[in-house]
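Take a look at the sequence and the model, then read on.

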Amino acid sequence: MSDLLSPDGWGWQLLKGLWLTIRLALTTLPIGLASGLLLALLINGGNVWLAKIAVLFTTVFRSLPELLTLFIIYFGGQQALQYLSRLVTGHEIGEISGFLAGIIALGIVFASFSSEIFVAGLRAIPRGQREAAAALGLSRGRTFLSVILPQLWRLVLPGLGNLWFVLLKDTALVSVISLNDLMRQTQLAVASTKEPLFFFAITCLIYLAVSLLSSGAISRMEARANRGYVGGRT
């Protein structure tokens, strides 16, 4: 069995698939966080119509299966790009890569769920803190960055940590659009060697190892964010 994971076997291919999976997740994370925070600010803001649009957006993409969202972005994006290229240049040019489609689709899903966490965090911060910052002459932007955001980060970190684990698992969906992530490489190895139990077990261990490393990193971040608070972890 060890020959199956040798450099001449499938070991290197699995590592390449793992690297693509990690790159996809790490690239999607900041996009999903920023988009989720923006949606939360719109929902929690004073503009009723923008709040309704943001709520509609999050409701739709929280309701759809992640795989369906990926298909909509990948195949719908291809058609939209081809339509625009025909409209502008008269012929079809370019295409959306599977990696980009994966980032957009998973980013939309992550943003939709994280926005609910951000909204709850924003509403948990006492309004009096904003009023006190205004009384001190701080601008709204400065108030958000210096007063609201540090507290918000502490409140939402546990929920966002759970979403990170969901994102790691959802990266496996990109294998259906022939992107050579860890799951795709595993499927190719199984088809080539006829050893499904071995390779699926190895892939399970890899995902478990990445999740354990992530759990340790998130715990350290939570401990750091809770320093100085009564009952906070040290």
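## What you're looking at

This is a predicted model, where local features need pLDDT of at least 70, side-chain atom pairs count only at pLDDT 80 or more, and totals for chains, interfaces and linings use all residues. Residues are numbered from 1 along each chain as its sequence is written, and side-chain values use heavy atoms, with hydrogens and water left out.

## The overall picture

The chain has eight helices and zero strands, where helices (H or I, at least four residues) and strands (E, at least two) are DSSP runs numbered from the N terminus. Read from the N terminus on, the elements go α-α-α-α-α-α-α-α. Along the principal axes, the C-alpha atoms fill a box of roughly 70 × 55 × 25 Å.

Of the 234 residues in the chain, 38% are buried. Contact here means heavy atoms within 4.5 Å. Take the contacts between residues at least 6 apart in sequence: 71% of them join residues at least 24 apart.

## Where α1 meets α2

Two packed helices are described by the angle between their axes and the distance between the axes. How do helix α1 and helix α2 cross? The axes of α1 (residues 11-44) and α2 (residues 48-63) come within 7 Å and cross at roughly 135°. Axes are lines fitted to C-alpha atoms, for helices over the stretch in contact, and angles run from 0 to 180 degrees between N-to-C directions. Angles under 35 degrees count as roughly parallel, over 145 as roughly antiparallel, 65 to 115 as roughly perpendicular and the rest as oblique, so α1 and α2 are oblique to each other.

On the α1 side, the contact is made by Leu39, Leu42 and Ile43, and on the α2 side by Leu50, Ala51, Ala54, Val55, Phe57 and Thr58. Sorted by class, that makes eight nonpolar, one polar and no charged residues. For the sorting, Ala, Val, Leu, Ile, Met, Phe, Trp, Tyr, Cys and Pro count as nonpolar, Asp, Glu, Lys and Arg as charged, and the others, Gly among them, as polar.

## Aromatic pairs

The structure holds four aromatic pairs. Rings of Phe, Tyr and Trp (its six-membered ring) pair if their centres lie within 6.5 Å; planes under 30 degrees apart count as stacked, over 60 as edge-to-face and the rest as tilted. Phe57 and Phe61 have ring centres 4.9 Å apart and planes at 50°, so this pair is tilted. Both sit in helix α2, four residues apart, about one turn of the helix. Phe57 is partly exposed at 31%, while Phe61, at 16%, counts as buried.

The rings of Phe71 and Phe75 have their centres 5.7 Å apart and planes at 45°, so that pair is tilted. Both belong to helix α3 (residues 66-89), four residues apart. Phe75 is partly exposed, at 46% relative accessibility. Ring pairs also link Phe71, Tyr74 and Phe75 into a cluster.

Is Thr143 buried or exposed? Thr143 counts as buried, at 8% relative accessibility, and lies in helix α6 (residues 140-170). Leaving aside neighbours within four places in sequence, Thr143 is in contact with Arg130, Ala133, Leu138 and Ile148.

Leu149 also has its place in helix α6, and is partly exposed at 29%. The C-alpha atoms of Leu149 and Thr171, 22 residues apart along the chain, are separated by 28 Å.

Notes
Buried means under 20% relative accessible area, exposed over 50%, partly exposed in between (1.4 Å probe, protein chains only).
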